[in-house]
Amino acid sequence: MSSADRPQGPPTQTYDSAFLKACRREPVPHTPVWFMRQAGRSLPEYRRLREGIAMLDSCMRPDLVTEITLQPVRRHGVDAAIFFSDIVVPLKAIGIDLDIKPGVGPVVAQPVRTRADLERLRPLEPADVSYVTEAVGMLTAELGGTPLIGFAGAPFTLASYLVEGGPSRNHEHTKALMYGDPELWADLLDRLAEITASFLRVQIEAGASAVQLFDSWVGALAPADYRSRVMPASVKVFEATAGYGVPRIHFGVGTGELLELMGEAGADVVGADWRVPLDEAARRVGPGRAIQGNLDPAVLFAPREAVETQARSVLDAARDLPGHVFNLGHGVLPQTDPDALTRLVAYVHEQTAR
Ligand code: CP3
């Protein structure tokens, strides 16, 4: 995305933020930092606020969503907020019977495995998630010049929860459907692409400054299968969210072998986990995309000096890249010391101040 794509109308307050500049591959005052899962269990103020309130209920309360989203921004001084929600919220909103079980993750009452099951996946209307529109509006007012990142789960990752019925190590039911009934699989992913695209558009139209498509579990696939059986649905999501002048970030775990294809799928920024150095990740993603990542979240359990050494090597690998957004290679682990995160933000800012 270039400045020429900037939408007509008054510039938004966040346009000149370091985060959006890095997404556009423009020079930055410092390397911007945010963390996947920065809101959540690593913060005592989050655990207090969530006491007695189920995860999905909290996602439907704009007052709670606003407060939880702001907590890490206040505490750590990160360069962007990420909207507090979950990838399964749009599925819940269209009437899929599911819950988020503490310490487990999303659990679906009736897995989606047949053509008849597919009929339960109706399109998502903005009115189904009016609490999201409301919370994004409240947040952008509070955040001022700090960008808000909206997000959604990518079709493959959502399909994995729906088909397995819950979290899965090997995605065996998902792959059984993908190889066993390619037509049903393609229709499933296509429906999920529509739902995901509407969920992202709701957040963009309510004022989100960027969006991230989480394809967390797509690293389970070989490139040829990704290309033919999954990528078309993700491409559809990026096409449906183009033209807003809002950067789209594309992230997955274990995607070393998929980065070239993820670069082709249409995002403006591609996130990498810690297994591939960022200069090599950028080479695989190809020109014209910014890069996000990629400190191993487990490194935060090491002593401060070791964290800084590892963060330094991420910055060194990204030194010649126009457009680096510092992040972890996956989400903040629940037992992480929040002070280690605060120190890391300060370290990256200080090391990269220009
Ligand atoms: O700070 C943020 O990043 C914003 C909030 C956010 C949540 N989920 C809140 C949440 C985001 C961006 C997500 C995305 C999400 N949800 C992904 C993609 C990111 C990734 O980690 O790869 C996935 C795969 C999910 C599905 C999901 N929801 C899982 C695996 C879990 C963890 C289960 C557990 O308890 O360990 C959830 C629940 C969840 N989503 C929590 C939070 C803060 C924890 C539940 C709680 O606090 O009670």
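Start by selecting residues 32-41: in this predicted model, the span is 0% helix and 0% strand, and its end C-alpha atoms sit 23 Å apart. UniProt, in an unreviewed entry, puts the feature "domain: Uroporphyrinogen decarboxylase (URO-D)" on residues 32-41 and also on 149-165. So much for the first stretch; now colour the second. Residues 149-165 are 59% helix and 29% strand, with 28 Å between the end C-alpha atoms.

Next, bring up the ligand and the residues around it. There are 22 of them, and Ala39, Gly40, Gly105, Phe214 and Ser216 come nearest. Colour that shell by type and you get twelve nonpolar, six polar and four charged residues.

Now go to Pro111, in the loop that runs between strand S3 (105-108) and helix H6 (115-118). Show the neighbours of Pro111 beyond four places in sequence: Leu162, Val163, Glu164, Gly165 and His173. Pick the C-alpha atoms of Pro111 and His173 and the distance reads 9.7 Å, though the two are 62 residues apart along the chain.

Last stop, the largest nonpolar core, with 107 residues. Ile149, Ala208, Val218 and Ile291 touch the most other members. Helix H10 (residues 182-206) supplies the largest share of this core, eleven residues. Zoom in on Ala208: leaving out residues up to four places away in sequence, Ala208 touches Phe83, Val136, Leu148, Ile149, Gly150, Gln203 and Val246.

Methods:
Residues are numbered from 1 along each chain as its sequence is written. This is a predicted model: local features need pLDDT of at least 70, side-chain atom pairs count only at pLDDT 80 or more; totals for chains, interfaces and linings use all residues. A nonpolar core is a set of buried Ala, Val, Leu, Ile, Met, Phe, Trp, Tyr and Cys residues joined through C-beta atoms within 7 Å. A residue is buried if 20 or more other C-beta atoms lie within 10 Å of its own, exposed if 12 or fewer, and partly exposed in between; C-beta atoms are placed from the backbone. Helices (H or I, at least four residues) and strands (E, at least two) are DSSP runs, numbered from the N terminus. Two residues are in contact if their C-beta atoms, placed from the backbone, lie within 7 Å. A residue is near a molecule or strand if its C-beta atom, placed from the backbone, lies within 6 Å of it. Ala, Val, Leu, Ile, Met, Phe, Trp, Tyr, Cys and Pro count as nonpolar, Asp, Glu, Lys and Arg as charged, and the others, Gly among them, as polar. UniProt positions are given in the numbering used here, feature names are shortened, and annotations may be inferred rather than shown by experiment.
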